[in-house]
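User: Could you take a close look at one part of this model for me, namely its aromatic side chains? I would enjoy one connected account.

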Amino acid sequence: SEGGSSIAQRFAQLQEENFKAIAMVMFAQYVQEGSLGTVLKMAEDVTALARSCAAGARDNPECLKPLDRILLDAACQQENLPKLSECCAEKDPARQDCFLSLKNSSGGFPSPFDSPNAAAACKNYSQHPQPSRAQFIYQVSRQHPFLYAPTILAGAARYEEMMKSCCRATEASTLSPEECFRRQAPKVVKPIREDALRQEHTCGILETFGERTLQALKLAQISQKFPRADFGTVSKLALDVAATHKACCRGAALDCMSAREEILRYVCTHQDILSSKIQQCCEKPLLQRTECILTAENDDRPAGLSPHIREFIEDKGICQQFVQEKDKHLARFLYEYSRRHPEFSAQMLLRVGKGYEELLKECCRSGAPEHCRGKGEEELKKHISETESVMRTSCDIYKEKGDYYFQNELLMSFTKKMPQLTSAELIKFTKQMTTIGSRCCQLSQDKLLPCAEENLDLVLGEICRRHLRDPINPGVCHCCSSSYSFRRPCLGKLEIDESFVPLPLTPGLFTFHEDLCTSQEEKLQHRKQEMLINLIKYKPQISQPQLASVSAAFAIMRERCCSQASPQACFQTQGPELIKRSEKLLSA
C-alpha cells in the first residue's frame, strides 16, 4: 500500500534525476538477477511514464495506479527473468509478498570496488560519467536488497565526488589515481556498510524479540533525544518509528521511504515541542535529514525536572494503574526515567524498565509486605554500579594494554565462550570490540555507557545473526533469544562451553613457517592470534600462567630461528620440540 502519493506527485517531489535513480535502486533490489541493461531500461520506462503523468496526462489510467504496483508491473513485463514468473502470476498484495520473499542478502554479488584498475575506471568515468554512476547504484542495490534507497543515492554522490577528485589528471596532484582510490574508497563504502548493518540489526531485533521490544527501545532512545517533549508525543513517535522499521524490514521500499518521510516531516514541523538541536538538520534536503537527526545531540533537559521519580514507587495508586493499564504505565515510567538519564545506554534503560516491571509484579500481589517496593531503589543502584564497573574495568584494561593485547584478552574470553566460531570470525568480532574500546574509552563518564553499550550491541547482534544462520552452542542460543536488553550481560557471563570437544593435537594444528619472521607487525600479530585461538580450542582450561609460559617459549624460538640463515630449517626442528614441551607443561 503506497502511502497515498501518486507517480506524478512523487516525480514532482523528487525531480527527474532522483526519481530515476530511486527507480533503479528498487528494480535492482527486487530483480537481483536482472542485468544492468534490464534494470536501466525498466527505470527509464517508468521515469518516462512519470514524466507524462506529471505533465498532465490525467486520462491515462496508468497514472492512477499506486507506484509500487507500477514498478512490479514493469518488472513482470520483462521476458528474460524466469524466476519472477511465479510471482507475476499472483494478484496483489500476494504478488508483492512473493517478490519480497525472493530478496537475498547473501547473494555474493560483486561490489563496486572489486575492479582494481584505476586507470580503466577513470577512463570509463571520463567518457561515460552517467553510466558509471548507474553501475555503482546497480551493484550496491543488488548487494544490499533491503537498504534504504536514499542511503544508496547518498553513497552514489560520494562515489561521484571520489571519481572526480581522483581522476583529475592535474600536474598539481601528487597522488596516483590508485593511491587516491585507496584513501577515498572507505569514505564511500563505510556509511553504506554501517547503514546496512544498522538496518540488519534493527530487523534482527524485530524478528527475534518482536515489535513490543522495538517500540520500547525506540521509546527510550526518543525520550533521551527529546527530553522536553511530552509523553504523548514521544510515544506516538516511538510507535511510528517502530512501524516504519517493520515496513523497511519487509523490504517494502516505497512504504519504507514514505513512512520515514512522514516522520521527518512531523519532527521538523514540531521542533518547538521536540528539540532545539535539529534546526540545521531540518534545513537539509529531505534525503539527508534522517542521518543528521540520528546523529544530532540530545536536547537539554527542561529546567526543574526532578532528579528522582519516586512517585512511581511511593504513590498509593500505583498498583491499580499497573493492573489496569500495564503497558501504558510501564511506558510512562520508561519515558520519565530515560529523559532524566542521557548518560545511560538505551539497553540499560530497558533493563531498568524490566526491573521496575518485576518489582511491581511482585509487590502488587495481594499479601505483599508493606515496604516491598522500597527495595526497588537498592536493586536499581546495584544494577547501575554493576554495569558501570564492567565498562570501567574494560576501559582500564584497554588503556593499560593497548589495542593488540586488549584484543588478545577478548580472544581468550570469546574463544572459550564460542569455540565453534572460525579463527577469522573470532578475530573479526574481537577487532570490532577493540575499535569500540578505542572510540569510547576516551570519552567522559556521561558519554561512555551510551557509546560502549550501543556499539557493542551491534557486534553482539551480528554474532546472534550468525548463530541463527549456523547455530554456535546452547549458551549462545539462550543469550541470543531470551531477552534483548540482557543480551550483553548474558553473553558476558558465559564461561567455557562445556559441550565443545577440544581439538586433537594433530601435526597441522600448530605449524611454524618463516612467515613468522615478517617485519610487518600486523601480519605477525594476525598469525600469533590464529595460534592463540587454536591453543585455546586445544586446551580450553588453560590457565594464565600456563599461557604465559607457552608464549614466552614461542617468543624465544621465534627470535632464535629468525636470526638463522635458514629460518625454515630451524622451525622444522624447533617447532615439534616446542609443541612437545608445551604439551607436557599443559598436562601438568
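Analyst: Happy to! One cluster, joined by ring pairs, is made up of F312, F333, Y337, F344 and Y356. Rings of Phe, Tyr and Trp (its six-membered ring) pair if their centres lie within 6.5 Å; planes under 30 degrees apart count as stacked, over 60 as edge-to-face and the rest as tilted. Please keep in mind that this is a predicted model, where local features need pLDDT of at least 70 and side-chain atom pairs count only at pLDDT 80 or more, while totals for chains, interfaces and linings use all residues. Residues are numbered from 1 along each chain as its sequence is written, and side-chain values use heavy atoms, with hydrogens and water left out.

By this rule there are 14 aromatic pairs. Y30 and F99 form one that is edge-to-face, because their ring centres are 5.8 Å apart and their planes stand at 90°. Since Y30 belongs to helix α1 and F99 to helix α5 (residues 94-102), this pair ties together parts that are 69 residues apart in sequence. Helices here are DSSP runs (H or I, at least four residues), numbered from the N terminus. Y30 and F99 are both buried, meaning under 20% relative accessible area (1.4 Å probe, protein chains only). Y30 has a further neighbour: K103 lies over the face of its ring, 4.9 Å from the ring centre. For that label, NZ of Lys or CZ of Arg must be within 6 Å of the ring centre and within 35 degrees of the ring normal. K236 sits likewise over the face of Y266, at 4.7 Å from the ring centre.

Now for F136 and Y159. Their ring centres are 4.5 Å apart with planes at 20°, so this pair is stacked. F136 lies in helix α7 and Y159 in helix α8, so the pair ties together parts 23 residues apart in sequence. F136 is buried, with a relative accessible area of 1%, and Y159 is buried as well, at 11%.

Helix α7 itself deserves a look. The 15 residues of α7 (residues 129-143) should span 21 Å at 1.5 Å a residue, and the end C-alpha atoms are 22 Å apart, which agrees; the expected span is 1.5 Å times one less than the number of residues. Buried residues of α7 include F136, I137, Y138 and V140. Among the elements that cover the buried residues of α7 are α1 (7-30), α2 (36-54), α6 (118-127), α8 (149-167) and α9 (177-209), where contact means heavy atoms within 4.5 Å.

Definitions and conventions. Helix = DSSP H or I, 4+ residues; strand = E, 2+ residues; numbered from the N terminus. Buried < 20%, exposed > 50% of the residue type's maximum accessible area, 1.4 Å probe, protein only.
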